[in-house]
Amino acid sequence: MNKPTAEVIQVPNMLKLKVGGRGGIDMAAIAKAEAALKSLSGNFAQWLNDEIVKLEAARQGVRADGLNAQTVETLYLRAHDLKGLGATYEFPLITRLAASLCKLIDDPATRLSAPMFLVDAHIDAIKACVRDDIKTDEHPVGRALALELEGRVAEYLAG
């Protein structure tokens, strides 16, 4: 009985060549990047505050003009920015709360019916975390806020 033969083709790993070749991770470059980030950390509080101001302005836009496609999109984008920046600015709890707010207003088909009281609760919780320096969900108040808001969003989305 003749068994079929197979040819193995070795494809070069072009990605490996593009991201660092054969030498692995450049630990000096990582250390340099971490040092640069550390040197910027003094600005984190101001930058976070700037993001909170933008989020509050988006909420005021909703209050002034109602929940419409434009105002809710602006609100979503501000929450999404905070979702990405919270941990960078040393507030991982803000990332978690902003993620919950994004989940609430994520779907363009249903975002216009999102309960404003729940949107407000998220924004107020984010602002309270900054005001009271509650950075993680290891803080009992932070944990309670996150669990309550995430639970309410889950209930709302479940119908």
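**Reading helix packing and salt bridges**

Analyst: Start with one crossing: helix 3 passes helix 6 in a left-handed sense. Left-handed means that the near helix is turned anticlockwise from the far one by less than a right angle; clockwise would be right-handed. The model is predicted, so local features need pLDDT of at least 70 and side-chain atom pairs pLDDT 80 or more, while totals for chains, interfaces and linings use all residues. Residues are numbered from 1 along each chain as its sequence is written, and side-chain values use heavy atoms, without hydrogens or water.

User: At what angle do the axes of helix 3 and helix 6 cross, and within what distance do they come?

Analyst: Two packed helices are described by the angle between their axes and the distance between the axes. Here helix 3 (residues 44-65) and helix 6 (residues 116-131) cross at roughly 160°. Their axes come within 11 Å. Helix 3 therefore runs roughly antiparallel to helix 6 (an angle over 145 degrees). Axes are lines fitted to C-alpha atoms over the stretch in contact, with angles from 0 to 180 degrees between N-to-C directions. Helices are DSSP runs of H or I, at least four residues, numbered from the N terminus.

User: How far apart are the axes of helix 4 and helix 5, and at what angle do they pack?

Analyst: The axes are 7 Å apart, and the angle is about 150°. Helix 4 and helix 5 are therefore roughly antiparallel to each other. Helix 4 also passes helix 5 in a left-handed crossing.

User: How many salt bridges are there?

Analyst: The count is 12, taking a side-chain nitrogen of Lys or Arg within 4 Å of a carboxyl oxygen of Asp or Glu. One of them joins arginine 59 to aspartate 124, at 2.8 Å from N to O. This pair links distant parts of the chain: arginine 59 sits in helix 3, aspartate 124 in helix 6, and 65 residues separate them.

User: Is arginine 59 buried or exposed?

Analyst: Buried, at a relative accessible area of 3%. The cut-offs are under 20% for buried, over 50% for exposed and partly exposed in between (1.4 Å probe, protein chains only).

User: Which residues are linked with Arg59 and Asp124 in a network of salt bridges?

Analyst: Glu56, Arg63, Asp120 and Lys127 are linked with Arg59 and Asp124 in that network.

User: Where do arginine 78 and aspartate 81 lie?

Analyst: Both are in helix 4, three residues apart, about one turn of the helix. Arginine 78 is partly exposed, at 25% relative accessible area. Aspartate 81 is partly exposed too, at 30%.

User: What does aspartate 137 form with arginine 96?

Analyst: A salt bridge, with 2.5 Å between the closest N and O atoms. The pair links distant parts of the chain, 41 residues apart. Aspartate 137 is in the loop between helix 6 and helix 7 (140-158), and arginine 96 is in helix 5 (residues 92-104). Aspartate 137 is partly exposed at 31%, and arginine 96 is partly exposed at 24%.

User: How far apart are threonine 71 and alanine 98 in sequence and in space?

Analyst: They are 27 residues apart in sequence and 17 Å apart in space, C-alpha to C-alpha. Threonine 71 belongs to helix 4 (residues 69-85). At 9% relative accessibility, threonine 71 is buried.

Note on methods. Helices (H or I, at least four residues) and strands (E, at least two) are DSSP runs, numbered from the N terminus. Angles under 35 degrees count as roughly parallel, over 145 as roughly antiparallel, 65 to 115 as roughly perpendicular and the rest as oblique.
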